[in-house]
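The following report describes a structure as it is shown here. Please read it alongside the sequence and the coordinates.

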Amino acid sequence: MNSFAESILMGGYAFYVWTAYGIAFVVLLINLVLPVLQRKQFLRELALKQKRTRQ
Amino acid sequence: MSFVPAPISRFFHRMASPPHFYCLTNKLLPWLTVIFILLLGYGLYAGLYLAPTDYQQGDSYRIIYVHVPAAWMSLFIYVVMATAGAIGLIWRIKLADIMVICSAPIGASFTFIALVTGSLWGKPMWGTWWVWDARLTSELILLFLYLGIISLYGAIEDKRSASRAVSILALVGVVNIPIIHYSVEWWNTLHQGPTVTKIDKPSIHIDMLIPLLVMAIAFKFYHLIALLQAAKVELLKREQNSQWVKTMLESET
Amino acid sequence: MKPARRNRLLLILLMIAGVATAASFALKAFNENLMYFFSTTEVTEGKVPQGAKFRLGGMVVKGSIERPDNGMMVRFVLTDYKNRVTVEYTGILPDLFREGQGIVANGRLNDHGVFIADEVLAKHDENYMPPEVADSLKNPEEQP
């Protein structure tokens, strides 16, 4: 096992390893956040529409 | 005449009923999220810190812990999507159609991640970002299949015929899946052969294998969460005029 | 199963079978082109395109790496454990380039049967283990 600082440096491959993890993280996060935002917005629109039809 | 026993068929019909599915999803999601975060946390800690350095590739091999699970998921999601497509075509189940179109962006994301992380691994190890060998090319075709499905669905106005068209495209694309898997055995490729699924025994040290498997399971949970989140939106959009959505809205406001 | 559903199921199965057959014929036809590289045996048997560029794959023979002019030019021998081909390359080698390593070189043969490469890629194997384990596994008789 190696020290924490050595782990960050990735034996000289830090750029490749951390870029790979970074891109993966961002792409996966977008897939989780986007549907939640879309649902909230859609429900808001739907509620407005319903209120209008009731009046 | 039916091949499926009545209680099982009843269970599936209940599951496939939109309000029941929506309700169940809401109950499941917190649990799935907790399990996913625990698995991901341990997988990353073990893969990036605990696992030993490789004898040949040094620390660059640690890309394996996103690259390989993402590549597995890209194939797995395609099979799930095509199966849902077949179910939707044969039994005309609304929920199956929704699963098809909600799977496509997640599958495309995993394919993209597999390609990009593979490229970032290939540059220091092979000496090149990209080669046109059979494995890399067939995986790129998979990305185009996913993107084709997404754009075909968007291009057809009527969502019921869009679902049918997309399901057929997904089923046709299934031939690419065995090609991707066996490409490294059928042809000379720069990409190396399989490590974990080798028949005799995996040629990876146990301390390196465990984080890989943990990450693979974590990605499976991620897939479930992302798919259910996307399915909820699609379900609401398609069912916006039905009674259960109206009742749910009134009870919330 | 209702007849309509059974018909749809059969139609789908037929469609997949048809596409699979077409794909397998197409792959058979393009089999040669899908091979990313030629082996050293294929080079010695003259099965490679003459005068044209192609890729050559093989293991770097132990002790064969030399730099004749002490410059950037590297000369080494590739083998598939049957036949050997000498390769000359000028440029930067990938990190994994070493004796006993599988590599793929892109270039063409000259008149003396030497492969002049303008690109060298390392092909790593599917084994992953810590260095200590690799050392204990090393068997001197297994070398090419």
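**Confidence and conventions**

Chain C of this predicted model has a mean pLDDT of 82, and 94% of its residues reach 70 or more; pLDDT is the predictor's confidence in each residue, on a scale from 0 to 100. Residues 140-144 of chain C fall below 50 in pLDDT, and this stretch has six contacts in the model beyond near neighbours in sequence. A contact here means heavy atoms within 4.5 Å. Where pLDDT is low, the predicted coordinates should not be read in detail. The model scores ipTM 0.88 and pTM 0.88.

Residues are numbered from 1 along each chain as its sequence is written, while chains are lettered from A and ligands numbered from 1 in the order in which they are written. Because this is a predicted model, local features need pLDDT of at least 70 and side-chain atom pairs count only at pLDDT 80 or more, whereas totals for chains, interfaces and linings use all residues; side-chain values use heavy atoms, with hydrogens and water left out.

**Chain B**

Chain B contains nine helices and zero strands, and its pattern along the sequence is α-α-α-α-α-α-α-α-α. Helices (H or I, at least four residues) and strands (E, at least two) are DSSP runs numbered from the N terminus. Along the principal axes, the C-alpha atoms of chain B fill a box of roughly 60 × 40 × 35 Å. Of the 253 residues in chain B, 55% are buried; buried means under 20% relative accessible area, exposed over 50%, and partly exposed in between, with a 1.4 Å probe and protein chains only. Among the contacts in chain B with a separation of 6 or more, 74% are between residues 24 or more positions apart.

B:T189 is located in the loop between α7 (176-186) and α8 (206-238) of chain B. With a relative accessibility of 2%, B:T189 counts as buried. Leaving aside residues up to four places away in sequence, B:T189 touches B:D133, B:A134, B:R135, B:S183 and B:V184, as well as C:Y36, C:F37 and C:K123 of chain C.

**The helix pair of chains A and B**

Helix α2 (residues 14-54) of chain A packs against helix α2 (residues 18-50) of chain B at an angle of about 170°, and their axes are 15 Å apart. Axes are lines fitted to C-alpha atoms, for helices over the stretch in contact, and angles run from 0 to 180 degrees between N-to-C directions. The two helices are therefore roughly antiparallel to each other; angles under 35 degrees count as roughly parallel, over 145 as roughly antiparallel, 65 to 115 as roughly perpendicular and the rest as oblique. From α2(A), the contact is made by A:V17, A:W18, A:Y21 and A:R39, and from α2(B) by B:Y22, B:L44 and B:L48. These residues divide into six nonpolar, no polar and one charged. In this grouping, Ala, Val, Leu, Ile, Met, Phe, Trp, Tyr, Cys and Pro count as nonpolar, Asp, Glu, Lys and Arg as charged, and the others, Gly among them, as polar.

Helix α2 of chain A also holds A:R44. A:R44 counts as exposed, at 55% relative accessibility.

**Chain C**

The domain assignment divides chain C into domain 1 (1-34) and domain 2 (36-142), with bounds that come from an automatic or database domain assignment. The C-alpha centres of these two domains of chain C lie 41 Å apart.

C:V48 lies in the loop between α3 (40-44) and β2 (54-60) of chain C and, at 5% relative accessibility, counts as buried. Not counting residues up to four places away in sequence, C:V48 touches C:F38, C:E42, C:V43, C:F54 and C:L109. C:V60 is placed in strand β2 of chain C and counts as buried, at 0% relative accessibility.

| Pair | Sequence separation | C-alpha to C-alpha distance |
|---|---|---|
| A:R44 and A:S7 | 37 residues | 46 Å |
| C:V48 and C:R108 | 60 residues | 9.8 Å |
| C:V60 and C:V85 | 25 residues | 9.9 Å |

**Positive phi values**

Most residues other than glycine have a negative phi. A:M10 has a positive phi, near 55°; A:M10 is in the loop between α1 (4-9) and α2 of chain A and is buried, with a relative accessible area of 0%. C:Y81 has a positive phi near 75° and is found in the loop between β3 (73-79) and β4 (84-90) of chain C. At 53% relative accessibility, C:Y81 counts as exposed.
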